[in-house]
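The sequence and structure are shown first, and the description follows.

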Amino acid sequence: MARLLVLTDPRELLRELAAATRHGNEGQFLVHEAIRKALPAHEQAEELWERATGEYRKALRDVAAHLDALTARPAASGEETVHLLWFWFGPSGWRTLVVENGWSWERAERFLSRTAIATLC
């Protein structure tokens, strides 16, 4: 994610973020699914989920801060931008589109990228 923080075009940043989070979610899909399925039954599943996603959330927070610095008039507050990036690019957003709706990873990436750009730029 560090390579995203040197980009100066907000649209390019969001396209690259979509690609990077797609790659990560695609690669970690089985791990995320195992944790997600354990949440209702395993007493430490919440803690495990927090450990598994903590660095991910921090990276999105850093990207949101960088994005807010790039946009002349941010479409959302800094904290709201963090929440929106997690909504779109966190594991649940990817899972909804790919697993629950049967989209390809590529289609989901294009959609999430377009949605983020339309909302935040």
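Helix H1 covers residues 10-27, and its 18 residues reach 25 Å from the first C-alpha to the last, close to the 26 Å expected at 1.5 Å a residue. The expected span is 1.5 Å times one less than the number of residues, and helices are DSSP runs (H or I, at least four residues) numbered from the N terminus. The model is a predicted one, in which local features need pLDDT of at least 70 and side-chain atom pairs count only at pLDDT 80 or more, while totals for chains, interfaces and linings use all residues. Residues are numbered from 1 along each chain as its sequence is written, and side-chain values use heavy atoms, with hydrogens and water left out.

**Helix H1**

The buried residues of H1 are Pro10, Leu13, Leu14, Leu17, Ala18, Thr21 and Asn25. They lie on the same side of H1, because they cover an arc of only 140° around the axis; the arc is that of the directions from the helix axis to the C-beta atoms. On the other side of H1, His23 and Gly27 are exposed. Here buried means under 20% relative accessible area, exposed means over 50%, and partly exposed lies in between (1.4 Å probe, protein chains only). An α-helix has 3.6 residues a turn, so residues three or four places apart point the same way.

The largest nonpolar core has 26 residues, of which Leu14, Leu17, Leu85, Trp88, Phe89 and Trp94 touch the most other members. Such a core is a set of buried Ala, Val, Leu, Ile, Met, Phe, Trp, Tyr and Cys residues joined through side-chain atoms within 4.5 Å. Two or more residues come from each of H1, H3 (45-70), H4 (78-89), H5 (91-100) and H6 (105-120). The greatest contribution is that of H6, with six residues.

In H4, the buried residues are Thr81, Val82, Leu85, Trp86, Trp88 and Phe89. Their cover includes H1, H3, H5 and H6. Leaving aside neighbours within four places in sequence, tryptophan 88 is in contact (heavy atoms within 4.5 Å) with Gly93, Trp94, Leu112, Thr115, Ala116, Thr119 and Leu120.

**Aromatic pairs**

The structure holds five aromatic pairs. Rings of Phe, Tyr and Trp (its six-membered ring) pair if their centres lie within 6.5 Å; planes under 30 degrees apart count as stacked, over 60 as edge-to-face and the rest as tilted. Two of the pairs are tabulated below.

| Ring pair | Distance between centres | Angle between planes | Class |
|---|---|---|---|
| Tryptophan 88 and phenylalanine 89 | 6.4 Å | 70° | edge-to-face |
| Tryptophan 103 and phenylalanine 111 | 5.4 Å | 85° | edge-to-face |

Tryptophan 88 is buried at a relative accessible area of 6%, and phenylalanine 89 is buried at 0%. Tryptophan 103 counts as buried at 18% relative accessibility, whereas phenylalanine 111, at 31%, counts as partly exposed. Ring pairs also link Phe29, Trp94 and Trp105 into a cluster.

**Glutamate 109**

Glutamate 109 is located in helix H6 and counts as buried, with 18% relative accessibility. Its side chain makes a polar contact of 3.0 Å with the side chain of arginine 22. A polar contact is a pair of N or O atoms within 3.5 Å; within protein, one must be able to donate a hydrogen and the other to accept it, and residues adjacent in sequence count only if both atoms are side-chain atoms. Not counting residues up to four places away in sequence, glutamate 109 touches Ala18, Ala19, Arg22 and Trp94.
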